[in-house]
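Work through the exercises below with the sequence and the model at hand. Try each task before reading its solution.

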Amino acid sequence: MAAASQSVFDLLAYDAPGWGGVMLGGFYMSLKLAFGGYFLGLAIGIGGACGKLYGGPLIRDLMEIYTTLIRAVPDLVLMLLLYYAGTDALSQLLALMGYGAVDINALMAGIFVIGAVQGAYSTEVLRGAIKAVPVGQIEAARAYGMSPLMVLRRVTLPAMLPHAIPGLANLWMIATKDTALLAVIGLSELTLVTRQAAGSTKAYMLFFLAAGALYLALTLVSNVVIRLIEKRARRGLVRTA
Amino acid sequence: MSEPAAIPAYVPPKARSLFEPHRLVLMAIFAVMIFCIAWFMRWDWIPQYSGKLVSGIGETLLMLFATTIVGFFFAVPIGLVQVTGPKPLAWLSLVFCTVIRGTPLLLQLWLLYYGLGSLFAQYPEIRQSFLWPYLRQAWPYGFAALTISFAAYEGEVMRGAFAGVPRGELEAAQAFGMSRFKMFWRIWLPRAVHRALPTLNGETVLQLKSTPLIATITVVDVFGVISRVRQDTYLTYEPLLLLALIYLCLTGLLILGFRTLENRIPSRGA
């Protein structure tokens, strides 16, 4: 029995006969996708929230359409659409510019897809957080003669951070789990790699449980880090409840 | 007696009109886009697949409602034991929620379908049992995965809702001499569900958006039908656009339904 279980866990060994290295590679890919997509989404979100709050009527309406559409359609469907449309548009653009057929980096495409989806959600989170900043603070900054960008950088963004962190933390969790959906598109991140490993060794339970442990570890570590960030962002605030 | 002078009802600040100039322009642009999509893309496959599409939508909705309802029944005890204890049970359900919420649904689905499925097939006792014809199909695994996931997310919501019911109301129920069960059934559960209702509605919409995942284990929901269309016709965008439209409509209907439901439940104005 001991020998048998020994041989089963050998499948998780790092080197070639085992799949451990491949799985860690997939995990690294998932991490890159989650980080890239999350921060792209955050950038879109800051732009979107400012557009919704301070933009003209046209920009507001366009932002509203963007967030409503993205939030009403399943992520999986959106990812398929954006993946094909995005890569198609980019390759046609490159062809127009005379580069000929170019293979588009799967990682970049994946980051773009996750970022576009996350952007809609973080727009809403950041909009709510910015609205929670007392208007007087922003007015005071304006009275000092700060330019709008400086108001954003020095006052609005730092002041809204404590309000935004719970929502943003939630979004980070969603981003890490959304990377798994890219397996359906064929990006070799953790879930797809796991399925390949499981399929070729027939040790389904072992590999899926191992992948689950990796995802769970990521979540738990993220939780700790988020708690630290939250503590830092809330320093100096009156504790509620 | 004369009618008291009608107090003017509170009129919320008027929503901006739909017919402002820039909106008219936007609408014109979208109309042109929709016309182009309808005119220049290939839609001749729709009549051929319309029957399958309708049954696919039915499957999606069936999965949605079955898993949310069953999942909710699991969520109530999961939330409740975390508030009341006993400690080991509370700890167990906390671990359950953390594990399920900390791993992707797709992975859980594949773990159940490929992992448990292959495990079941190894045991002749299971292969000969009356359950085997069901266990060979894909939908029980999809159903199980979606139910477990909904129960975990909802258990967390219900924990907060149970904990948030004011103590005074429960004490009042006790003072009336209600038994613990009656107190739970008449006061604690209804108040908790009432508090959790907006979140529950949001979670149901999220659940609708998770259902397409079951197509990856060969359950033929609307996403599965569309994947089939894409394989048959070699079209990339048209089926996906139609799919997005279908989900858009389903989400809209769901939200509308919940809004009417919420308006029918009396709550003290806040």
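**Exercise 1. Handedness and direction of a helix pair**

Task: Which hand does the crossing of α9(B) and α11(B) have, and at what angle do the two helices pack?

Solution. 
- Step 1. The crossing of α9(B) and α11(B) is right-handed in this predicted model.
- Step 2. Locate the helices. In chain B, α9 covers residues 180–210 and α11 covers residues 237–264.
- Step 3. Take the geometry. The angle is about 165°, and the axes lie 10 Å apart.
- Step 4. Apply the cut-off. Angles over 145 degrees count as roughly antiparallel. α9(B) and α11(B) are therefore roughly antiparallel to each other.
- Step 5. List the contact. α9(B) contributes B:Leu197, B:Asn201, B:Thr204, B:Val205 and B:Leu208. From α11(B) come B:Leu250, B:Thr251, B:Leu254, B:Ile255, B:Phe258 and B:Glu262.
- Step 6. Sort the contact of α9(B) with α11(B) by class: seven nonpolar, three polar and one charged residues.

**Exercise 2. The contact between the chains**

Task: How many residues does each chain give to the contact between chain A and chain B, and which element of chain A gives the most?

Solution. 
- Step 1. Chain A supplies 29 residues and chain B supplies 29 residues.
- Step 2. Find the elements of chain A that give two or more residues. They are α3 (57–72), α4 (75–96), α8 (182–185), α9 (190–201) and α10 (204–233).
- Step 3. Pick the main contributor. α10(A) gives the most, with nine residues.
- Step 4. Classify the side of chain A that touches chain B. It has 22 nonpolar, three polar and four charged residues.

**Exercise 3. One helix of chain A**

Solution. 
- Step 1. α9(A) has 12 residues, so at 1.5 Å a residue it should span 16 Å. Its end C-alpha atoms are 16 Å apart, which agrees.
- Step 2. Collect the buried residues of α9(A): A:Leu190, A:Thr191, A:Leu192, A:Val193, A:Thr194, A:Arg195, A:Ala197 and A:Ala198.
- Step 3. Look past the helix end. A:Lys202 follows α9(A) and has a positive phi, near 65°.

**Exercise 4. Chain A as a whole**

Task: How many helices and strands does chain A have, and what percentage of its residues is buried?

Solution. 
- Step 1. Chain A has 10 helices and zero strands.
- Step 2. Of its 241 residues, 37% are buried.
- Step 3. Consider contacts in chain A with a separation of 6 or more. Residues 24 or more positions apart account for 73% of them.

How values were computed. Residues are numbered from 1 along each chain as its sequence is written. Chains are lettered from A and ligands numbered from 1 in the order in which they are written. This is a predicted model: local features need pLDDT of at least 70, side-chain atom pairs count only at pLDDT 80 or more; totals for chains, interfaces and linings use all residues. Axes are lines fitted to C-alpha atoms, for helices over the stretch in contact, and angles run from 0 to 180 degrees between N-to-C directions. Helices (H or I, at least four residues) and strands (E, at least two) are DSSP runs, numbered from the N terminus. Angles under 35 degrees count as roughly parallel, over 145 as roughly antiparallel, 65 to 115 as roughly perpendicular and the rest as oblique. A crossing is left-handed if the near helix is turned anticlockwise from the far one by less than a right angle, and right-handed if clockwise. Two residues are in contact if their C-beta atoms, placed from the backbone, lie within 7 Å. Ala, Val, Leu, Ile, Met, Phe, Trp, Tyr, Cys and Pro count as nonpolar, Asp, Glu, Lys and Arg as charged, and the others, Gly among them, as polar. The expected span of a helix is 1.5 Å times one less than its number of residues. A residue is buried if 20 or more other C-beta atoms lie within 10 Å of its own, exposed if 12 or fewer, and partly exposed in between; C-beta atoms are placed from the backbone.
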